[in-house]
Each structure stands twice: as structure tokens, then as C-alpha cells.
Amino acid sequence: MTQETVASTSDAVLDREETISRDELEALQLSRLQHTVAYAYDRVPLYKRKFDEAGVHPTDLRELSDLGKFPFTTKEDLRLEYPFGMFAVPQHEVARIHASSGTTGRATVVGYTKKDLADWAKLVARSLRASGVRPGMKVHNAYGYGLFTGGMGAHAGAEALGCTVIPISGGQTERQITLIQDFKPDAILATPTYLLTIADAMIKQGIDPASTSLKYAVLGAEPWTEEMRHELEVTMNLKACDIYGLSEVMGPGVAGEAVETQDGSHIWEDHFRPEIIDAFDPSVVLGDGEPGELVFTSLTKEALPIIRYRTKDLTRLLPGTARPAHRRMGRITGRSDDMIILRGVNLFPSQIEEIALRIPELSPHFQLELTRPEGHRMDQMTVKIERRDTVTIESGAAAAKVLQQQIKIHVGSSCMVDVVEPGSLERSNGKLRRIYDMRPKG
């Protein structure tokens, strides 16, 4: 895509809060934070109990740094309060309910007032606009609809921006391709691995993915690397930007990446106060630039205020660029609960993706299988990865050795590499499963 086709802030009308100074923003944060902490203490029994047990009171929050005195909220807190114990408003004021899948335990339930929904739509619209989407564009929404926040959150934001929304949801890949060809959307919203699935399916149908009408992709809901961005941009001839969010904090639109810089998502700090903590010693709040676990406090939510929510996402905070007052998130390197500990070495699927995509013979399609062979005390990891269509079996085998060596050098752990036939591994229909743990239980 040529530089002339890239949207910039010069042709967009920004929200006032996107243009204020850092000092103005922090003054706004403090005012909203003091209100939110008192509001949560008065209306959510869990917060009153946790604050009292920690020996803190809302009046103790006199400056932004005082937030570190308050206890964390975890996913387990939301599960224990299932279904509606975290809500701060009566049921008749809750306009919508979303929930997690509950595949790893009891579902976490989140609620929204009408104002919450309006704020959410505004922030998704802000994120989409930052990523190049403009009023009047057709937007193909391939995020899943339903209790998952991605589909309806993205949909409402695109409508609020003034776009025409094509609400296809996830799956039905052949139909997705037909609609992209027939409806000629300007932008697509999806997970990065599902957009890759669409591109692969186009190639199998004899369609050049670079020939479509798509100019922008706004991708989120799973960690992805700069190497994956390059893969998608080259394959589909578009600009790909990140959008970040999680249901417990709001949904998509907590942060968004600017198309003119593509240097990480700006957190919309007029609505959320971020912190980075040491994942192994949560009492330590780290400074900007230091890697750790991302923590969020909401500043404007009514139905479900959230205080110091531990996201488990590992990243760092960086100075703002395209939106100078709003700090950026570095790329998420992984989740602390997705971390694989292999023979004493910590690693994440994103590290494997980053290394593999630097090897031309290998595709972005891979799985990590964890086993403990009978009679062995040590775990074994096998990277199953597809070779590209044009690569021979012999060249794939040579690439496997290179990948094995590079993982040992850059990650510090030995593994097996199995290069498999193109198209043989499971494809994403939304969020992709990368890790297959086959180790004996117990």
C-alpha cells in the first residue's frame, strides 16, 4: 500500500481528550479516579470488604500514586461474585450483559449501563479512526457476536464512527470471502490469526488476497508480533493496526494503534488508568518503560467499576506519540498464565512466532505440543509448523533445523521441530489455540 493511501490525523476530527496536555489529562484522571474509588466502595460489597481488609479508604487517594495503596481485583474475584455481585447499579439500570466463555472455570460476567455503552462505542470509534477507518467506509466485522464483547463492541464503535457495518461474525470463511469480493469493504475487523485464515482460503480458491478492496485491518483479541503484521500487510496489501481490550475492563477499545506510526496502542487514559506491576512481586509498581504485568482501573464505568484489575498481559508503558498525552502499550509478549516453563526457561508462543516468521520457508501456522515421555522426568516441547506451499519437503527439513537452533539461541531451551504439510494444522475461526498440553495430569 502506498503512503498516499494511508489515513492520518490531518483528515480526522479528534475527540478533545485526544489533544489535551499530559498535565490536563492527569488532573482529569485524579478527579475521575477519586470518584470511582468512592463509588465502588459505596456500591460494591466486594470492594468495601477488600478496602477495609487492606486498611485503606477512598479518602486516602489524594494523588495518582496513592492508587498503589489499594488492593487488586482478579478474575477470581469476578468468578466468586458470579453472576451479578460486582454490579454497582440495580438490575433495571443494566442495559446489556456480556460474559466470558467459562472454558477455564466459571464465567466472568460484565454489565453496562446506557452511558457505559455510549462511552464504549465512542472509544472503539476513536480506536478505529486512529487506525485509519473513516466515516462512510464499509467495515467487515469478523469478530464473534454474542456474549463475547468483541463483535458487538466493534460493531457499535464502527456505527458510532459513521461507518457501514457488515456484521458477518466469525467462521463461515468461504462466505466471508464472497462478501469481501461482493460488498467491497474498506476495512476488516478480526483476530490476526483469523485474517490469516481468510487470506489462506483466498489463495486456495485462486484469489489474490492483495487484490481485494480492503485497505485497513484492525486486529485484536490475541497477542501478535511485528512479523505477523508484515505477513498480513504484504499478503493482503493493507495496513494492519492493533486494538486492545478485555471484557473485565470494557471490551475492545481500551487502547488503539495509530496508522501513521504503528508503534503500539495508545491507552485512552481519560477513561482508564494503567499501571505496570512486577508479575512475581505484585506489590512493586514499575516505572514507564519497564516490562511487567498490565493493571487497569476504570475511571468512568457505572455498572461495573474495576479497581486495579490484573490483566495477566505482559507489556510495558511507553510515551505517547501520535496522541502525545496518552501513553502507549508495548506489544504484549504474552500472558503470565500462558507462559510455558520448559526445563526452567520461561517462554511464550509469541516468541516462537517471531522467530519462525523470520525463516522464509516456514508459515505462520504452528502449534506447541507439551509432553512428558514415559520414563522421563523432563518436559518436551514440539513445535509443529507448516512449510509454505512452494517449499519442498527437503527444504522444510532444513528450515526445521534452523528454527530449532534459533529457539535454542534466543529462548534458551531445546525443543523438537516437526515441519508438516501446508494446510494440515487447525485454522483459526476466532481466537486460535496455540498450546496443546499433553503432559500427564497430577
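The C-alpha centres of domain 1 and domain 2 lie 29 Å apart in this predicted model. Domain 1 covers residues 11–334 and domain 2 covers residues 339–437, with bounds that come from an automatic or database domain assignment. Between them, 22 residues of domain 1 are in contact with 19 residues of domain 2, where contact means heavy atoms within 4.5 Å. Residues are numbered from 1 along each chain as its sequence is written, and side-chain values use heavy atoms, with hydrogens and water left out. Because the model is predicted, local features need pLDDT of at least 70 and side-chain atom pairs count only at pLDDT 80 or more, while totals for chains, interfaces and linings use all residues.

**The second largest pocket**

- The second largest pocket holds about 500 Å³ of space, a volume being the space filled by probe spheres set on grid points that are joined across faces, edges and corners.
- On a 1 Å grid over the protein atoms alone, a pocket is an open set of points where a 1.4 Å probe fits, with protein on both sides within 12 Å along at least five of seven lines, and its lining residues have an atom within 4 Å of a point.
- The lining of the second largest pocket counts 25 residues, and L314, T315, R331, I332 and T333 are those that lie nearest the centre of the pocket.
- Both domains take part, since the lining draws at least three residues from each of domain 1 and domain 2.
- At least two lining residues are supplied by each of α9 (226–236), β12 (292–298), β13 (309–315) and α10 (349–356); helices (H or I, at least four residues) and strands (E, at least two) are DSSP runs, numbered from the N terminus.
- Eight nonpolar, nine polar and eight charged residues make up this lining, with Ala, Val, Leu, Ile, Met, Phe, Trp, Tyr, Cys and Pro counted as nonpolar, Asp, Glu, Lys and Arg as charged, and the others, Gly among them, as polar.

**The five-stranded sheet**

- Five strands form an open sheet in the order β11-β10-β12-β13-β16, with antiparallel pairing, two strands being paired if DSSP finds at least two bridges between them.
- The edges are taken by β11 (281–286) and β16 (334–335), each of which has a single partner strand, so one side of each is left without a neighbour in the sheet.
- Helix α2 (residues 22–43) packs on this sheet, touching β10 (272–278) and β12, and its direction makes about 90 degrees with that of β10, where axes are lines fitted to C-alpha atoms, for helices over the stretch in contact, and angles run from 0 to 180 degrees between N-to-C directions.
- β13 and β16 pair in the antiparallel sense over two bridges, and L314 has G334 in β16 as its bridge partner.

**The four-stranded sheet**

- A further open sheet has four strands in the order β21-β20-β19-β22, with mixed pairing.
- At its edges stand β21 and β22, each with a single partner strand, so one side of each lacks a neighbour in the sheet.
- Strand β20 (residues 380–387) and β21 pair in the parallel sense over five bridges, and K384 stands opposite D418 in β21.

**Loops and backbone details**

- E426 lies in the loop between β21 (416–420) and β22 (435–437) and, leaving aside its neighbours within four places in sequence, is in contact with Q367, L432 and Y436.
- The C-alpha atoms of E426 and Q367 are separated by 8.7 Å, although these residues are 59 residues apart along the chain.
- Most residues other than glycine have a negative phi, and most peptide bonds are trans.
- The peptide bond from Y82 to P83 is cis, with omega near -5 degrees, and P83 lies in the loop between α4 (75–80) and β1 (96–99).
- A221, in the loop between β6 (216–219) and α9, has a phi near 75 degrees, a positive value in a residue other than glycine.
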